Amino acid sequence: MKKNTNNKFSNKSSSILDTCCLELVMTCTAVLPYCDISVVSGARGKTEQDNLFIDGKSELTFPNSLHNVGDEAGRDLSDAVDVVIYHPVYGQLWGGDAQLCRIADDFEVSLVRVRYWFYMQYAQLNMLMQVKARTAGIELRWGGDWNSENGILDQSFDDFYHWEVVRRCSQ
Ligand SMILES: [Zn+2]
């Protein structure tokens with residue numbers, strides 16, 4: 001991934017990132033010059049979390065997600081962040097069928113090949129996130145590989161846009 005110091009967070013991304021813990025702010029800021037990203041979710045209250053659960057977009061109800069803040073959750077800033085890759089031509093890469101079909105048409109390649117490409121983009125972003133975090137002594141868990149073993153082969157809920165801080169008991 002080429003370095004581009006012109007990459008900037010939008011106002012929306014910045015305001016969402018401001019609801020996240022310092023570790024995530026540092027990691028996302030360090031990654032930005034290497035991969036243009038949009039920050040799409042940080043701190044969530046009860047209503048937002050429970051609606052995502054009902055829609056099947058989260059496996060957890062309030063206050064059990066690390067996105068959750070407030071007295072019940074026991075934190076004021078989000079320990080989780082959702083980040084989407086921002087592509088210069090296609091915008092936010094969510095990997096929906098319409099978007100992937102358009103890319104397949106533009107490049108005249110199969111949809112399967114575009115799906116490989118899509119997953120590779122997020123695997124690369126994860127590596128960047130992990131390297132930048134570890135350099136600062138931060139441990140991150142990725143929703144594309146919850147147990148940091150075997151990638152998506154041993155999990156039923158994939159969340160490629162999600163990273164969260166792992167805090168050990170001693171902290
Ligand atoms: Zn998330």
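Ser148 sits in the loop between strand 4 and strand 5, where helices (H or I, at least four residues) and strands (E, at least two) are DSSP runs numbered from the N terminus. The model is predicted, so local features need pLDDT of at least 70 and side-chain atom pairs count only at pLDDT 80 or more, while totals for chains, interfaces and linings use all residues. Residues are numbered from 1 along each chain as its sequence is written.

**Helix 5**

- Helix 5 covers residues 111-135, which is 25 residues.
- From first C-alpha to last, helix 5 reaches 36 Å, close to the 36 Å expected at 1.5 Å a residue; the expected span is 1.5 Å times one less than the number of residues.
- Val114, Tyr122, Leu125, Met129, Gln130 and Ala133 are the buried residues of helix 5. A residue is buried if 20 or more other C-beta atoms lie within 10 Å of its own, exposed if 12 or fewer, and partly exposed in between, with C-beta atoms placed from the backbone.
- These buried residues pack against helix 2 (22-31), strand 2 (80-87), helix 4 (97-107), strand 4 (140-142) and strand 5 (162-165). Two residues are in contact if their C-beta atoms, placed from the backbone, lie within 7 Å.
- Just after helix 5, Gly137 has a positive phi of about 75°.

**Helix 4 against helix 5**

- The axes of helix 4 and helix 5 come within 9 Å and cross at roughly 110°. Axes are lines fitted to C-alpha atoms, for helices over the stretch in contact, and angles run from 0 to 180 degrees between N-to-C directions.
- That angle makes helix 4 roughly perpendicular to helix 5. Angles under 35 degrees count as roughly parallel, over 145 as roughly antiparallel, 65 to 115 as roughly perpendicular and the rest as oblique.
- The crossing of helix 4 and helix 5 is right-handed: a crossing is left-handed if the near helix is turned anticlockwise from the far one by less than a right angle, and right-handed if clockwise.
- Helix 4 contributes Leu100, Cys101, Ile103 and Ala104 to the contact, and helix 5 contributes Leu111, Val114, Arg115 and Phe118.
- By class, the residues of this contact are seven nonpolar, no polar and one charged. Ala, Val, Leu, Ile, Met, Phe, Trp, Tyr, Cys and Pro count as nonpolar, Asp, Glu, Lys and Arg as charged, and the others, Gly among them, as polar.

**Helix 2 against helix 5**

- Helix 2 and helix 5 have axes 9 Å apart and pack at an angle of about 120°, and are therefore oblique to each other.
- Helix 2 passes helix 5 in a right-handed crossing.
- On the helix 2 side, Thr27, Ala30 and Val31 meet Leu128, Met129, Lys132 and Ala133 of helix 5.
- The contact of helix 2 with helix 5 has five nonpolar, one polar and one charged residues.

**Loop residues**

- Ser148 has a phi near 55°, a positive value in a residue other than glycine, and is exposed, with 12 other C-beta atoms within 10 Å.
- Glu108, in the loop between helix 4 and helix 5, has a positive phi near 55° and is a residue other than glycine.
- Glu108 is exposed, with 6 other C-beta atoms within 10 Å.
- Pro63 lies in the loop between helix 3 (46-54) and strand 2, and the peptide bond from Phe62 to Pro63 is cis, with omega near 0°.
- Gly74 is found in the loop between helix 3 and strand 2 and is exposed, with 10 other C-beta atoms within 10 Å.
- Gly74 and Lys3 are 71 residues apart in sequence and 37 Å apart in space, C-alpha to C-alpha.
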